[in-house]
Amino acid sequence: MRMRAAVLEEFGQPLVVQELDLAEPKPGEVLVRVVACGVCHTDMYTASGVDPSGYAPTVLGHEGAGVVEAVGEGAGSLAVGDHVVTLFSTQCRECVHCVSPKTNICLAIRDQQGKGYLPDGTTRLSRDGEPIRHFMGTSTFAEYTVMPEIALAKVSPEAPLDRACLFACGLSTGLGAAMFTAKVEAGATCVVFGAGLVGLGAVAGCRLQGAERVVCVDLSEERLEMARHQGATDTLIGGADTVQAILDMTGGFGADYTIEATGNVAVMRQAVESARMGWGLATMCGVAGKGETLDIIPRLLISGRRVAGSSFGGVKGRDQVPLLVQRYLDGDIDVDAFLSHRITLDEVNEGFERMEAQDGIRSVIDFG
Ligand SMILES: NC(=O)c1ccc[n+]([C@@H]2O[C@H](COP(=O)([O-])OP(=O)(O)OC[C@H]3O[C@@H](n4cnc5c(N)ncnc54)[C@H](O)[C@@H]3O)[C@@H](O)[C@H]2O)c1
Ligand SMILES: [Zn+2]
Ligand SMILES: [Zn+2]
């Protein structure tokens, strides 16, 4: 079939919206009509050319939600008409990681996915016979996408897809970091660094876990206001004295749980240093720049602090994204607040510009 998609032709250049060919789903794969897709930092990061593992030409986009249009042989867990959220973080339910409750990092298709291919090592996307690679296994800046069944979460048809798509990346990452990686306990004191979609999701996750105190740190007063709306009990403008401010707020001890959602390694260090001695757990969500390292004074660890990393919030996508979407439908999470701008596929580059200017939390492409 022919369809329109936003192609990264050359690093550092705007995406080019054009017609491409999309082949039928092969065994284990599914054709999805994309209805909505968020514009995320990872798309812009790859487009910029800074990401050493990036490739071009490729169709970017990984915060997608849509409707199943056709199901390949053996992809029996989905049916035509199902509403789905795309998963860059797959769940095969069979690999050694999927059967362990300790991680959500599925091993099934990592190598091929990382190189921009579907699991059989080929692409369904092409232009005049030239293969075009699938970014993150999702390529949702497009009217349609073919994806492996193990990379699609079936969600309630009651959830509007322009809100459901936010669960494909940032929102689930933040919620999950609090709920599944840190496993915040009722009554806990938490600090969330960063109030973008990931940090705001983490604030909401801490609240849903019953945290007594949720401190959010950001540089923007406007974003801190959004954090209060999501359940932050205290807010701070970040700076060099943030750790001291948190120690002062917590009787000199620090927080039970700290969650970092900025991507800045200096802030990651603050997240470690503001975790409580004895048991404080610092969870890192941010993606740091190439070659950057996190400095930790080992004594902080010996005295009982722990550090965890969180990919996609520790969320096992097919099992848990539907549950998170249900929490939204139940009224537990205000997702509307995150949808700042609705744009068309042709306006995708403006979505990047808005993100750079920190204009709103998420621009969502509405495919109508
Ligand atoms: N681990 C994962 O699976 C995963 C998934 C999605 C995104 N991410 C990463 O999470 C991070 C956050 O993503 P986002 O979409 O929320 O980004 P965002 O840019 O919208 O939000 C980051 C926030 O951090 C704040 N910030 C910057 N410097 C700060 C400082 N010194 N102190 C306090 N706050 C500061 C900014 O003001 C901003 O509000 C990024 O690094 C992103 O790449 C990771
Ligand atoms: Zn797996
Ligand atoms: Zn993302």
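Student: What makes strand β12 (residues 189-193) mostly covered?
Tutor: In β12, 5 of its 5 residues are buried. Buried means under 20% relative accessible area, exposed over 50%, and partly exposed in between, with a 1.4 Å probe and protein chains only. Strands (E, at least two residues) and helices (H or I, at least four) are DSSP runs, numbered from the N terminus. Before we go on, note that this is a predicted model: local features need pLDDT of at least 70, side-chain atom pairs count only at pLDDT 80 or more, and totals for chains, interfaces and linings use all residues. Residues are numbered from 1 along each chain as its sequence is written, chains are lettered from A and ligands numbered from 1 in the order in which they are written, and side-chain values use heavy atoms, with hydrogens and water left out.

Student: How do you know that both faces of β12 are covered?
Tutor: Look at each side. T189, V191 and F193 on one side are buried, and so are C190 and V192 on the other. In a regular strand the side chains alternate between the two faces of the sheet.

Student: Which strands does β12 pair with, and in what sense?
Tutor: Two strands pair if DSSP finds at least two bridges between them. β12 and strand β13 (residues 213-218) have 5 bridges and run parallel. β12 is also joined to strand β15 (residues 257-260) by 4 bridges, again parallel. F193 faces V217 in β13 and E260 in β15. T189 stands opposite R213 in β13.

Student: What sheet do these strands belong to?
Tutor: An open sheet of 6 strands, in the order β14-β13-β12-β15-β16-β17, with parallel pairing.

Student: Why are β14 (234-237) and β17 (306-309) at the edges?
Tutor: Each has a single partner strand, so one side of each is left without a neighbour in the sheet. On average, neighbouring strands of this sheet are turned by 15 degrees against each other, direction ignored.

Student: Which helices contact this sheet?
Tutor: Contact means heavy atoms within 4.5 Å. Helix α4 (residues 170-181) packs on the sheet and touches β15, β16 (281-284) and β17. The direction of α4 makes about 145 degrees with that of β16. Helix α7 (residues 242-249) lies across β12, β13 and β14, at about 155 degrees to β14. Axes are lines fitted to C-alpha atoms, for helices over the stretch in contact, and angles run from 0 to 180 degrees between N-to-C directions.

Student: Why is strand β1 (residues 2-8) called largely enclosed?
Tutor: 5 of its 7 residues are buried, so β1 is largely enclosed by the rest of the structure.

Student: What does β1 pair with?
Tutor: β1 and strand β2 (residues 16-22) run antiparallel, joined by 6 bridges. M3 has L20 as its bridge partner in β2, and R2 stands opposite D21. With strand β4 (residues 58-59), β1 pairs in the antiparallel sense over 2 bridges. There V7 partners V59. β1 lies in an open sheet of 6 strands, ordered β8-β7-β2-β1-β4-β9, with mixed pairing. Its edge strands, β8 (130-131) and β9 (133-134), each pair on one side only.

Student: Which residues coordinate the zinc ion (ligand 2)?
Tutor: C92, C95, C98 and C106, each through SG, at 2.3 to 2.4 Å. Donors are N, O and S atoms within 2.8 Å of the metal (3.2 Å for Na, K and Ca); water is not among the atoms, so sites may look incomplete. The sequence spacing is C-x2-C-x2-C-x7-C.

Student: Why is the arrangement around the zinc ion (ligand 2) called tetrahedral?
Tutor: Four donors count as tetrahedral if all angles lie between 85 and 135 degrees; four count as square planar and six as octahedral if opposite donors are over 155 degrees apart and all others between 65 and 115; anything else is irregular. The 4 donor atoms here subtend 104 to 120 degrees, so the arrangement is tetrahedral.

Student: How do you know that C98 and C106 are buried?
Tutor: By relative accessible area: C98 has 12% and C106 has 5%, so both are buried.

Student: What coordinates the zinc ion (ligand 3)?
Tutor: C40 (SG), H62 (NE2) and C169 (SG), at 2.0 to 2.2 Å. The donor spacing is C-x21-H-x106-C. H62 and C169 are both buried.
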